[in-house]
Amino acid sequence: GIQVEQSPPDLILQEGANSTLRCNFSDSVNNLQWFHQNPWGQLINLFYIPSGTKQNGRLSATTVATERYSLLYISSSQTTDSGVYFCAGYSGGGADGLTFGKGTHLIIQP
Amino acid sequence: DVKVTQSSRYLVKRTGEKVFLECVQDMDHENMFWYRQDPGLGLRLIYFSYDVKMKEKGDIPEGYSVSREKKERFSLILESASTNQTSMYLCASGGGRHTEAFFGQGTRLTVV
């Protein structure tokens, strides 16, 4: 299966700052998602983005499928943005699930 | 609004007990998955199902089994719970080749 690497593993920022989270894949993917894990453990969908660019409020994401990476941008960070961000990809021919990176632990300080 | 519901948010069971974790989706998805999440190890796939009564092993199936009698329901079974199965369990629906995956709220299981 594919390998998914996320960077940085940890990030501490002040409120109002911007950040970029990166996800690299060892092989091409045909399904790529970004999630935010809330303090109660639930994975919240941020973007479904196999290729191209999408924006949702202060968050945007870009996937360059040919170069096997995706970026998540968070602008004007708020304390509620804190948590763990995961990217996950799928490259198989069957329904064998998403492969997750280890996540980026983001802390936004007031 | 899409919905994936897990039967319990927190669960405490004794070693050796048979444990059932239930997951229900309302999106008519064919694919459903069970993951476990542990600190330092990330999310790992236990089992998945791509149709009713169909199941496939994921990366760490040992000690687990599953049941999919109806399309909307996917159950994870711990045949004889052990302390090393203490973990966060996450159910997902959808996913696969060109379909977005959605997760339930998670079940934090403690085996004592």
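Biologist: Does B:F103 count as buried or exposed, going by relative accessibility?
Modeller: This is a predicted model, and the answer rests on a computed area compared with a cut-off. The relative accessibility of B:F103 is 5%, and a residue is called buried when this value is under 20%, so B:F103 counts as buried.

Biologist: Which partner ring is paired with the ring of B:F103, and is the pair stacked, tilted or edge-to-face?
Modeller: The partner is B:Y35, with its ring centre 5.8 Å from that of B:F103. B:Y35 has 1% relative accessibility, so B:Y35 counts as buried. Planes under 30 degrees apart would count as stacked and those over 60 as edge-to-face; the planes of B:Y35 and B:F103 stand at 45 degrees, so the pair is tilted.

Biologist: How many residues apart are B:Y35 and B:F103?
Modeller: B:Y35 belongs to strand 4 (residues 32-38) of chain B, whereas B:F103 belongs to strand 10 (residues 101-103) of chain B.

Biologist: How are the planes of A:F86 and A:F100 arranged as a pair?
Modeller: Nine aromatic pairs are counted over all chains, and A:F86 with A:F100 is one of these, their ring centres being 6.2 Å apart. Their planes meet at 80 degrees, and because planes over 60 degrees apart fall in that class, the pair is edge-to-face.

Biologist: How many residues in sequence separate the parts that A:F86 and A:F100 tie together?
Modeller: A:F86 and A:F100 are both buried. A:F86 sits in strand 9 (residues 83-90) of chain A and A:F100 in strand 10 (residues 99-100) of chain A, so the parts tied together are separated in sequence by 14 residues.

Biologist: Which residues form one aromatic cluster?
Modeller: Both pairs described above have their residues in this cluster, namely A:F86 and A:F100 together with B:Y35 and B:F103.

Biologist: What is the radius of gyration of chain A?
Modeller: Chain A has 11 strands and zero helices. For its 110 residues the globule rule gives 13 Å, and the chain comes close to that, so chain A is as compact as a globular protein of that length, with a radius of gyration of 13 Å.

Biologist: What percentage of the residues in chain A are buried?
Modeller: Chain A exposes about 5100 Å², of which carbon and sulfur atoms supply 48%. Of the 110 residues in chain A, the buried share is 49%.

Definitions and conventions
Residues are numbered from 1 along each chain as its sequence is written. Chains are lettered from A and ligands numbered from 1 in the order in which they are written. This is a predicted model: local features need pLDDT of at least 70, side-chain atom pairs count only at pLDDT 80 or more; totals for chains, interfaces and linings use all residues. Side-chain values use heavy atoms; hydrogens and water are left out. Helices (H or I, at least four residues) and strands (E, at least two) are DSSP runs, numbered from the N terminus. The radius of gyration is taken over C-alpha atoms; the globule rule is 2.2 Å times the number of residues to the power 0.38. Buried means under 20% relative accessible area, exposed over 50%, partly exposed in between (1.4 Å probe, protein chains only). Accessible areas come from the Shrake-Rupley method with a 1.4 Å probe; for residues, only the protein chains shown count as cover. Rings of Phe, Tyr and Trp (its six-membered ring) pair if their centres lie within 6.5 Å; planes under 30 degrees apart count as stacked, over 60 as edge-to-face and the rest as tilted.
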